[in-house]
Amino acid sequence: MVNFMHPNLRNLDLNLLLVFDAVWRHQSVARAAEELALSNSALSHALSRLRRHLGDELFYRVGHEMQPTLFATALAESVNNSLSQLNQSVQKRPRFDPATSQHEFTFAVTDFTTFSLFPALMAKVQQLAPWIRFQLIHSEQKVALHELMAGRVDFALGFSETHDRRLPDIDEMDWMEDEYVVIASPRFFPADRPVDLAQYIAARHLVVTPWNEETGYIDSELALLGLERHIALRMPSVLGAPFIIAQSPLLMTIPRYAAERLQHSVEYAIHPLPFAIPRYTVKIYSWQKNSQRDACRWLLELLRGLKNQPA
């Protein structure tokens, strides 16, 4: 047996509630008809239909006024409150004005994608839209597809390699392209000599796995060469990893962008990766059907402008 929601409303034309509310407020068929842009006869006909459906006279004429019945009086507050709440819920959103808006954008990120994007973005946003807010949540997958399409996040930051396929209904913006390098402590790998492939395979490695993946991009590329590296430590964050590298004989394969910036905080050497792999791209993903399109379009245009500025 099928259970229907709101059984008392299934056969009711909800437009009749607008008629009821207008007659209640104006106590006049003529004034209610004027408000609703109806003729007097059309409104009277609608009121008759509502009377039949509810089984009550609802209003009776006293002189020039329409007085409510006891049933109508009991119904009026509920109808008025419901219509007011519904009207607020379906009204068009105000035009997005970045200078005054307090809109909050939600991003799914990792720590590396965060510092790839947000230093430049926040500096610019504070100039143009000082009241805009951002919430960053950890990305549970390489591209937070389900979170985007469910509306839980507005944007997702992620890595893309050359073989990744495009996703339907998901817009992609390339933010930055970079190469991988190897970082190592100069105590164990001299800074003036590159790490060769034999050393790379013989060494033990620190690997950042933000999504707890067993096999990463580097491992897949090594497998194509018939090679495998030995992983001593897996960790979810890139930010603490260089401090471990600086005091151990471990190697770490890391984006050059991160290696060069984190080098200001800790001592290690940067070496070329001793085998060829495609470059990676940090991408900004958004869902085409996001309901906050005005705000999202503004932010995407801002990001495009930042991307095209000289470094």
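Mentor: The crossing of α1 and α4 is left-handed: the near helix is turned anticlockwise from the far one by less than a right angle. Helices (H or I, at least four residues) and strands (E, at least two) are DSSP runs, numbered from the N terminus. This is a predicted model, in which local features need pLDDT of at least 70, side-chain atom pairs need 80 or more, and totals for chains, interfaces and linings use all residues. Residues are numbered from 1 along each chain, and side-chain values use heavy atoms, without hydrogens and water.

Trainee: At what angle do the axes of α1 and α4 cross?

Mentor: Two packed helices are described by the angle and the distance between their axes. Here α1 (residues 15-26) and α4 (residues 70-90) have axes that come within 10 Å and cross at roughly 115° (lines fitted to C-alpha atoms over the stretch in contact, angles from 0 to 180 degrees between N-to-C directions). Therefore α1 is roughly perpendicular to α4 (65 to 115 degrees).

Trainee: Which residues make the contact?

Mentor: Among them are Phe20 and Trp24 of α1, and Leu75 and Val79 of α4 (heavy atoms within 4.5 Å). The contact residues divide into nine nonpolar, two polar and two charged (Ala, Val, Leu, Ile, Met, Phe, Trp, Tyr, Cys and Pro are nonpolar, Asp, Glu, Lys and Arg charged, the others polar).

Trainee: Which helix or strand gives the most to the lining of the largest pocket?

Mentor: That is α8, with five residues. The lining residues divide into 14 nonpolar, seven polar and seven charged.

Conventions: Angles under 35 degrees count as roughly parallel, over 145 as roughly antiparallel, 65 to 115 as roughly perpendicular and the rest as oblique.
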